[in-house]
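Thanks for asking me to look this one over. Here are my notes, in the order in which I would read the model.

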Amino acid sequence: MSYFFVILSAVLVNNVVFVRILGLCPFMGVSKKLSTAVGMGAATTFVLTLAAGASYLVDHYLLAPFELDYLRTLSFIVVIAAIVQLTELVIHKTSPLLHQVLGIYLPLITTNCAVLGIPLLNVSLGYGLLESLLFGFGSSLGFTLALVLFASIRERLDGADVPIAFRGMPIALITAGFMSLAFMGFAGLDRFN
Amino acid sequence: MLNAIIVMTALALVLGAALGYAAVHFKVEGNPLVEQIDAILPQTQCGQCGFPGCLPYAEAIAAGEAEINLCPPGGDEGARKLADLLGHEFKPLAAEHAVEKPRAVALIDEQTCIGCTLCIQACPVDAIVGSAKQMHTVISDLCTGCELCLPPCPVDCIIMEPLAETVSNWKWKYPVTAIRKVA
């Protein structure tokens with residue numbers, strides 16, 4: 001049951017975008033259209049889950065035995081960059097269709113701070129391998145959820161009668177603020193266990 | 001300190017080796033011929049060849065599914081270059097594409113334009129600006145003269161204006177003298 005709460009917590013309660021305020025750049029940048037938002041979400045889900053697992057292995061079996069905790073951020077960045085590159089190569093070869101869908105979003109993920117943030121959080125929360133994977137998967141689901149919801153709202157905002165001063169980015173930021181407030185309503189939902 | 005250097009080096013080496021292996025093992029064979037053909041095509045993306053753009057046409061030529069003489073903007077000159085590249089016999093432009101016109105740009109009669117935006121949607125190079133119920137106009141520097149905007153216009157307010165050759169837009173002509181084979 002605790003695994004379920006790990007995912008629930010990552011998706012809703014500690015939503016990576018609205019509560020932890022991570023990964024805002026793709027959140028604001030790739031949320032203009034629903035279809036691109038879905039693509040970005042799928043690519044992030046794929047990479048983030050892998051990155052969470054791989055960084056746990058690196059941290060647990062490489063850094064911890066040599067007491068090199070201070071190299072954590074650096075080595076995680078290297079691992080994530082390599083994983084993104086590797087994923088792109090493999091997908092390009094094995095599934096051209098998926099490669100076309102994910103397109104440029106895949107390399108963009110390298111600079112998504114959520115992908116670095118989640119592995120670091122995994123370490124500070126003391127999660128094991130399975131929990132790390134679940135937390136990474138849950139967080140990226142949360143990221144996708146946030147992105148899709150936000151993109152849907154922004155598509156509607158395009159047709160709305162917004163005061164001139166608020167058109168474009170300002171109203172988007174205000175919307176994001178409201179959504180963040182709404183997600184605060186989930187706080188405490190993971191405290192039952 | 002030494003540990004840190006060794007660990008980071010090892011990490012970098014392992015990841016580098018994995019990436020290097022993947023780059024070789026998962027290499028995707030792009031067809032270089034398609035790129036060469038695409039480089040010859042005029043990139044007007046006009047679709048007059050029956051394909052949705054220059055790259056699809058290049059792919060079709062490379063696969064042997066299309067003739068090389070279907071491209072009016074490229075003209076006889078382009079067909080000749082393609083023939084050279086592919087070792088085919090040169091063919092003049094196919095009959096239904098045969099009329100080689102002087103280079104022209106679209107011009108919108110702004111008095112007649114009703115602002116329906118249909119030509120904007122048809123333009124493959126986004127050379128038409130305007131919005132609904134506002135008159136439209138053509139950015140002549142961007143217009144490739146593909147004539148795709150003519151059929152959708154409900155009031156026939158677009159005309160093709162031939163471009164006069166001036167000192168600033170004149171180019172060296174491709175030499176048309178056939179090369180004789182010696183011996």
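This is a predicted model: local features need pLDDT of at least 70, side-chain atom pairs count only at pLDDT 80 or more; totals for chains, interfaces and linings use all residues.

1. A word on burial before anything else: a residue is called buried when its relative accessible area is under 20%, exposed when over 50%, and partly exposed in between, using a 1.4 Å probe and protein chains only.

2. Residues are numbered from 1 along each chain as written, chains are lettered from A and ligands numbered from 1 in the order written, and side-chain values use heavy atoms, without hydrogens or water.

3. Now the overall fold. Chain A has 9 helices and 0 strands, where helices (H or I, at least four residues) and strands (E, at least two) are DSSP runs numbered from the N terminus. Of the contacts in chain A with a separation of 6 or more, 77% join residues 24 or more positions apart; contact means heavy atoms within 4.5 Å.

4. Helix α3 (residues 34–63) of chain A has two partners worth a look. Its axis and that of helix α8 (residues 129–157) of chain A come within 8 Å and cross at roughly 165°. Axes here are lines fitted to C-alpha atoms, for helices over the stretch in contact, with angles from 0 to 180 degrees between N-to-C directions. Angles under 35 degrees count as roughly parallel, over 145 as roughly antiparallel, 65 to 115 as roughly perpendicular and the rest as oblique, so α3(A) and α8(A) are roughly antiparallel.

5. The other partner is helix α7 (residues 113–125) of chain A, whose axis comes within 9 Å of that of α3(A), at a crossing angle of roughly 40°. That makes α3(A) and α7(A) oblique to each other. Residues meeting here include A:Ala51 and A:Ser55 from α3(A), and A:Ile118 and A:Asn122 from α7(A).

6. Finally, the aromatic rings. Rings of Phe, Tyr and Trp (its six-membered ring) pair if their centres lie within 6.5 Å; planes under 30 degrees apart are stacked, over 60 edge-to-face and the rest tilted. The whole structure holds 7 aromatic pairs over all chains. One of them joins A:Phe18 and A:Phe27 edge-to-face, 5.5 Å centre to centre with 90° between the planes. A:Phe18 counts as buried because its relative accessibility is 2%, and A:Phe27 counts as buried at 1%.
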